[in-house]
Amino acid sequence: MAKLVTDVVCPFCGTLCDDLEVGVSDDGTKILEVYNACAIGAEKFLHSQAKDRVTRPRMKQEDGSWKEISYDEAVEYTATTLAAARKPLMYGWSSTNCEAQAIGTEIGEMVGAVMDNTATVCHGTTLIAVQDVGVPSCTLGEILNRADRIVFWGCNPAHAHPRHMSRYSIFPRGFFTGKGAKGRKMVVVDPRVTDTAKTADIHLQVEQGRDYELLTALRVAFKGEWLPDTVAGIPKKTIYEVADIMKSGRFGIIFFGMGVTQSLSKNHNIDQAICVTRDLNEYTKWNIMPMRGHYNVTGSGEVWGWLHGFPFALDLSRGFARYNPGDTTSNDLLVRDEVDAVFVIGSDPGAHFPNSSVKKIWDLPSICIDPHLTPTTAVCKLHVPVAFVGVETGGCAYRMDNVPIECRKVVDPPEGMLTDLEFLERVTARVRELKGA
Amino acid sequence: MATVTLKPIKVPDLRLEADNIKPDAFAGKKAAEIADLHVYCGNSQYPLGEFFEVAGEGGATAAETEVVIDGDVSRVKYIGMKMTAGSVLVKGNADMYVGAWMEGGTITVNGDTDAFAGMGMTGGEINVLGNAGNYLGAAYRGDWRGMQGGVIRVAGDAGSDIGTFMRGGEIIVNGNVDVHVGTHQEGGTIIVKGDAKSKVGGQMVEGEIYVFGDIEVMMPGFQHIGDVDVAVDGVSGRFACYKGDMGERHPRRKGETIYGKLYLKY
Ligand code: SF4
């Protein structure tokens, strides 16, 4: 008989589902079955069971081969590299827990690093907009129980956040939403006919890169002002109709994703979408929420927010916090040759950054902390495998609506493996010695 | 006017942060003292003299001090940041933040400037003889006050996001500009003598934008209210006048609603 671990939190996407059940072998070492998770969530748990998993740090040799080294040696290389650098980049932080993020920031403070997380290529533009114009938001629970107008703008939860629509936004019946999907009007704005768009009541097939114009047109329509015949490929009649649908709801929410945060206009799209939300609050109750990707990218913004006041692109090189996306963001720093060492944890810039940036990582002293083998581990000089957070160790993570949730440990990591936190604690101690801090 | 000449002698491997390169910091100092001022490369501090050969000396005050950078400083940030008087001449390209938060004096860059030039400036004059980067005369992140006074002239093209949150002063670009001109603008004048791409005047509250060439895609929040004959920076002509952004809030003064004005040259 297998044991069943209940109320497990899924450490994959920003939906951070907390209702998983995992079947574990009697001796508590193997994961046999994952219940309630979507396919990508289940895969994350099962992946930790891979037979060919790397369980010890590896150092790249002159000839390109890898040599297994001890954790002690890995700590030494990491600490000396960071301590010797004049402007190290410490990037990632989105697939690890807040405890590791906090101690990692301590290292960043001691060595004068630039700390950046995956928001830099994702929702960083959202954070810029929020700082510029504020944000009216709510929790996913409120949406489940109250929302009758749902807008998905430039995001595709059917594939990127598979349980989002069934758990919170479209299908569930809540306290004031007894009719479930029937009582909700769903609008999708996307240039592509995605699987999310196919389930919508209204799909606005906006012209690529014209979201800012369409958002502006909605604000003009709320005020009943004149509009050109079409805006962003959408007839003005439809825009006035959608404006009325939005105004007539009891409780509305705009969810948005990388289709608007990383396309033309970037932060301005979100800035304007927030202003749309603000305008709608003249008529009824509306909110806006980013569909955060990595399960704890939100947490890294929270941790840096409370430690240094800025949620990403945090430059600590001069001993105080500075922040200016465009200058202190990872890709700008890499392509402009502004950093002299790279430390990556809990993310995969090798897969997500432009080639010109990845080449720079290849050229620099570089360290990658990651349980998986990834394109990033391939370009870095040192790969430190660690236990899976949320599977083999617990810790705090923040859901996309800024709700902190404590992850659960389900099984032990392979014998002798360290967690992110344990490894970083040892690096911190060594950096402190080196810096005399 | 006393002149201090800085000759670049070493290209910084990382970028240099040199907020001390301004008449205010050089005034009243001899060459050796100026060479002793600090600059930063990442977390490390160096004397200015490690990267520049310093000749001449500062005047009694900033206003009597001229700084000449005799070479390329495309890897040096913050030149003329927060300067209040005097002048700076860069005989090559300069990196980010040229004249950011500048209050007075003149900066001339013979080459190009990177992003954030004239950010949040309140007075003085910046002349860029080459091209300017993004965020020219814009606001610092999170600030609702972009450029508030002074003049920025660019002989070539400028990048995106020029004059974001601008509240006063004048930006004149002889060439073309990229997307987002005067976003959230709430005062001041932007003149683009070439073409603009799109997102011109989005979320504009008040102020003026003139475009001599074409705008590829107009913002939907602007309404044509008539034509006017005006002289703009020495060029007179007939302009179509639009008011907007109609989706944005607008103040009322003397019983009248104030809009942003966008002028397109015929
Ligand atoms: S929706 Fe996201 S958090 Fe929920 S099970 Fe799937 S991957 Fe995990």
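Visitor: How many salt bridges does the rule find across the interface of chain B and chain A?

Guide: Side chains of opposite charge can pair when their charged atoms come close. In this predicted model, the rule finds 11 salt bridges across the interface of chain B and chain A. Over all chains the count comes to 47.

Visitor: Which side chains meet B:Glu17 in a salt bridge?

Guide: One is A:Lys87, with an N to O distance of 4.0 Å. Another is A:Arg318, where the N to O distance is 2.6 Å. A:Arg318 sits in the loop between strands E15 (314-315) and E16 (322-323) of chain A, while B:Glu17 belongs to strand E2 (residues 16-17) of chain B, so this pair joins two chains. B:Glu17 has a relative accessible area of 3%, and buried means under 20%, so B:Glu17 is buried.

Visitor: How many residues does each chain bring to the contact?

Guide: Chain B gives 47 residues and chain A gives 44. The area buried between them is about 3,600 Å², and carbon and sulfur atoms give 45% of that. On the chain B side, B:Asn43, B:Arg141 and B:Pro220 lose the most area to chain A, together 19% of what that side buries. Polar contacts can be counted too: 35 residue pairs across the interface are in polar contact. Strands E3 (38-41) and E4 (44-47) of chain B each supply at least two residues of the side that touches chain A. By class, that side has 18 nonpolar, 14 polar and 15 charged residues.

Visitor: Where in chain A do the partners A:Asp72 and A:Arg426 lie?

Guide: The closest N and O atoms of this salt bridge are 2.1 Å apart. A:Asp72 is in helix H2 (residues 71-84) and A:Arg426 in helix H18 (residues 420-435), so the pair links distant parts of the chain, 354 residues apart. A:Arg426 counts as partly exposed, at 33% relative accessibility.

Visitor: Is A:Thr105 buried or exposed?

Guide: A:Thr105 counts as buried because its relative accessibility is 0%. This residue lies in helix H3 (residues 98-111) of chain A. Its side chain makes a polar contact of 2.9 Å with that of A:Trp304. Beyond its neighbours within four places in sequence, A:Thr105 also touches residues including A:Met115 and A:Leu307.

Visitor: Which classes of residue make up the shell around the ligand?

Guide: The shell has 9 nonpolar, 1 polar and 1 charged residues. Among the residues that surround the ligand are A:Cys10, A:Phe12, A:Gly41 and A:Arg163.

Technical notes:
Residues numbered from 1 in each chain as written. Chains lettered and ligands numbered in written order. Predicted model: local features only at pLDDT ≥ 70, side-chain atom pairs only at ≥ 80, totals over all residues. Heavy atoms only, no water. Near = heavy atom within 4 Å. Nonpolar A, V, L, I, M, F, W, Y, C, P; charged D, E, K, R; others polar. Contact = heavy atoms within 4.5 Å. Buried area = accessible area lost by both parts, 1.4 Å probe. Polar contact = N/O pair within 3.5 Å; in protein donor to acceptor, adjacent residues only side chain to side chain. Helix = DSSP H or I, 4+ residues; strand = E, 2+ residues; numbered from the N terminus. Buried < 20%, exposed > 50% of the residue type's maximum accessible area, 1.4 Å probe, protein only.
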